[in-house]
Amino acid sequence: LDVIEHLPNPVSVLRETMRILKPAGKLLIRTPAWQYGGSSDPTYHVTEYTAEELTRQVNAVGKDFAVQMTNLGRIGGVYRDLILIAQRTSG
């Protein structure tokens, strides 16, 4: 949780995650949502995502990963959180 926004190359991490995830295994991503007018943490966040951008990035990793749900809400931090669940569809 709250890691993908810090990565300089999140696609490579998503590819490795897909590779090691068991068939039908699920990946949960939670990240601060992009905010109009600026970054919620410009010092440490490489990227902040909209739901559409994060979904597109996860789907681009490969046909064996399917986004099942995205949600925007507050889980208990200072940021609005973007939550995405993706499942590995085959082995």
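Student: Why is the contact between Glu16 and Arg19 called a salt bridge?

Tutor: A salt bridge needs a side-chain nitrogen of Lys or Arg within 4 Å of a carboxyl oxygen of Asp or Glu. In this predicted model, the closest N and O atoms of Glu16 and Arg19 are 2.7 Å apart, so the pair meets the definition. The model's local features need pLDDT of at least 70, side-chain atom pairs count only at pLDDT 80 or more, and totals for chains, interfaces and linings use all residues. Residues are numbered from 1 along each chain as its sequence is written, and side-chain values use heavy atoms, with hydrogens and water left out.

Student: Where do Glu16 and Arg19 lie?

Tutor: Both are in helix H1, three residues apart, about one turn of the helix. Helices (H or I, at least four residues) and strands (E, at least two) are DSSP runs, numbered from the N terminus. An α-helix has 3.6 residues a turn, so residues three or four places apart point the same way.

Student: What makes Arg19 exposed but Glu16 partly exposed?

Tutor: Buried means under 20% relative accessible area, exposed over 50%, and partly exposed in between (1.4 Å probe, protein chains only). Arg19 has 56%, so it is exposed. Glu16 has 37%, so it counts as partly exposed.

Student: Which residues of H1 are buried?

Tutor: In H1, residues 10-20, these are Pro10, Leu14 and Met18. They cover an arc of only 75° around the axis, which puts them on the same side of H1; the arc is that of the directions from the helix axis to the C-beta atoms. Arg19 and Ile20, on the other side of H1, are exposed.

Student: How many salt bridges does the structure hold?

Tutor: Three. One of them joins Asp2 and Arg30, with the closest N and O atoms 2.5 Å apart. Asp2 lies in the segment before H1 and Arg30 in strand S1 (residues 26-32), so this pair ties together parts that are 28 residues apart in sequence. Asp2 has a relative accessible area of 25%, so it is partly exposed.

Student: What makes the pair Asp64 and Lys63 a salt bridge?

Tutor: The N to O distance between their side chains is 3.8 Å, so it falls within the cut-off. Lys63 has a relative accessible area of 77%, so it is exposed.
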